[in-house]
Amino acid sequence: MNKYSVLTLFPDIVNQGLNYSIVGRAIKEGLIDLNLINIRDFAINDYGQVDDKLYGGGTGMLMMAEPILKAWLSIFKPDPEQYLAELPAELTLTEWQNNLQQVSEARTFFLSPKGQKFDQNLAAELAQEDHLVFLCGHYEGIDQRILDTLQVEELSLGDFVLTGGESAIVVMLDAITRLIPGVLPEAEAHQADSFAQGLLEEPQYTRPANWRGLEVPDILLSGHQAKIEKYRKSKSLLETFLKRSDLLENKKLSESEWLLLIDSLNNN
Ligand SMILES: C[S@@+](CC[C@H](N)C(=O)[O-])C[C@H]1O[C@@H](n2cnc3c(N)ncnc32)[C@H](O)[C@@H]1O
């Protein structure tokens, strides 16, 4: 089972965002374990404080290091306070890193606009991992010292700034989960999706064959599977060429694929 531990101030957003449709079923069937940790449970005082003003001035509030450290430890240790009590009160960054690496070597990702951009290849890579930890920032973000201590890998949804990492992790876990064997009803369904083979998916149609005068392409009704596959491939190549030609720079097309593409461009 793949386990995803999400550290957040707003677990309800993540829970509601993922507990429906295919991913919701994967959670219910135990194909993935979604472990939501509320950082506020580790607040520094009885008022539930988890953030404070920025040193050096600036607007907004920053999430503090201490509640995040304890929330992270709670994933792996039954009693984070006890674990910390057994460490010296002060450590160097390297000492912190070494100690926490011994607690767990699970990769910890920080959702951040500064991070590596998330894409289908990364989703496929992460779908292979047994346990991943995701840290969602909110407000102005997070004190850099805990990010350094946990040696986070930064992951971005794109070049824009969200209110919090919660919506980003919902999107990313959706993309990752559907690649886990057994999650999609048909084992290889995602192999035909856009990006899986470096191309966009071809246009698709369902009933009725004639919808208000608009016909489904004849070939798809022919029952001739080899011709249908060739047609689909040519339309997938065309779609990619017309909408995302940058993808073709990375994908080495074979001679027959180039001929198919040229043919569909001529018949477009
Ligand atoms: C308002 S943002 C903080 C942005 C930060 N002050 C900056 O300019 O880089 C609050 C949180 O939302 C999340 N976030 C914002 N944009 C994101 C993006 N493009 N991808 C992933 N997470 C994002 C991060 O966790 C971030 O800490």
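Two residues are taken to be in contact if their C-beta atoms, placed from the backbone, lie within 7 Å. By this criterion, and leaving aside neighbours within four places in sequence, L7 is in contact with I37, I39, I68, A71, W72, V133, F134, L135 and C136. The model is a predicted one, in which local features need pLDDT of at least 70 and side-chain atom pairs count only at pLDDT 80 or more, while totals for chains, interfaces and linings use all residues. Residues are numbered from 1 along each chain as its sequence is written.

L7 is placed in strand 1; here, helices (H or I, at least four residues) and strands (E, at least two) are DSSP runs, numbered from the N terminus. How is L7 classed, buried or exposed? With 27 C-beta neighbours inside 10 Å, L7 counts as buried. The scale behind this calls a residue buried if 20 or more other C-beta atoms lie within 10 Å of its own, exposed if 12 or fewer, and partly exposed in between, with C-beta atoms placed from the backbone. The C-alpha atoms of L7 and F76 are separated by 13 Å, the two residues being 69 apart along the chain.

Turning to the chain as a whole, the protein has 11 helices and 9 strands. Its radius of gyration is 24 Å, well over the 18 Å that the globule rule gives for 268 residues, so the protein chain is more spread out than a compact globule. For this comparison the radius is taken over C-alpha atoms, and the rule is 2.2 Å times the number of residues to the power 0.38. Along the principal axes, the C-alpha atoms fill a box of roughly 75 × 40 × 35 Å. The domain assignment gives domain 1 (2–177) and domain 2 (194–267), with bounds that come from an automatic or database domain assignment. The C-alpha centres of domain 1 and domain 2 lie 40 Å apart. Of the 268 residues, 27% count as buried. Among contacts with a separation of 6 or more, 74% are accounted for by residues 24 or more positions apart.

The ligand comes next. It is surrounded by 20 residues, the closest being L111, G137, G141, G165 and A168; a residue is near a molecule or strand if its C-beta atom, placed from the backbone, lies within 6 Å of it. Strand 5 (107–117) and helix 8 (165–177) each supply at least two residues of this shell, and strand 5 gives the most, with 4 residues. The shell divides into 9 nonpolar, 9 polar and 2 charged residues. In this grouping Ala, Val, Leu, Ile, Met, Phe, Trp, Tyr, Cys and Pro count as nonpolar, Asp, Glu, Lys and Arg as charged, and the others, Gly among them, as polar.

Helix 1 (residues 11–18) has P11, V14 and L18 buried. These residues cover an arc of only 70° around the axis, which puts them on the same side of helix 1; the arc is that of the directions from the helix axis to the C-beta atoms. An α-helix has 3.6 residues a turn, so residues three or four places apart point the same way. The buried residues of helix 1 pack against strand 1 (2–8), helix 2 (21–28), strand 2 (32–38) and helix 8.

L157 and F118 can be described together. L157 is found in the loop between strand 7 (153–156) and helix 8, and is partly exposed, with 19 other C-beta atoms within 10 Å. Beyond its neighbours within four places in sequence, L157 is in contact with F118, L162, A168 and V171. F118 lies in the loop between strand 5 and helix 6 (120–126) and, with 20 C-beta neighbours inside 10 Å, counts as buried. Again leaving aside neighbours within four places in sequence, F118 is in contact with L155, S156, L157 and M172.

Some backbone details deserve a look. Most residues other than glycine have a negative phi, and most peptide bonds are trans. S21, in helix 2, has a positive phi of about 50° although it is not a glycine; S21 is exposed, with 10 other C-beta atoms within 10 Å. Phi of Q151 is near 50°, also a positive value in a residue other than glycine. Q151 lies in the loop between helix 7 (144–149) and strand 7 and, with 13 C-beta neighbours inside 10 Å, counts as partly exposed. Finally, a cis peptide bond, with omega about 0°, joins R207 and P208, and P208 is placed in the loop between helix 8 and strand 8 (210–211).
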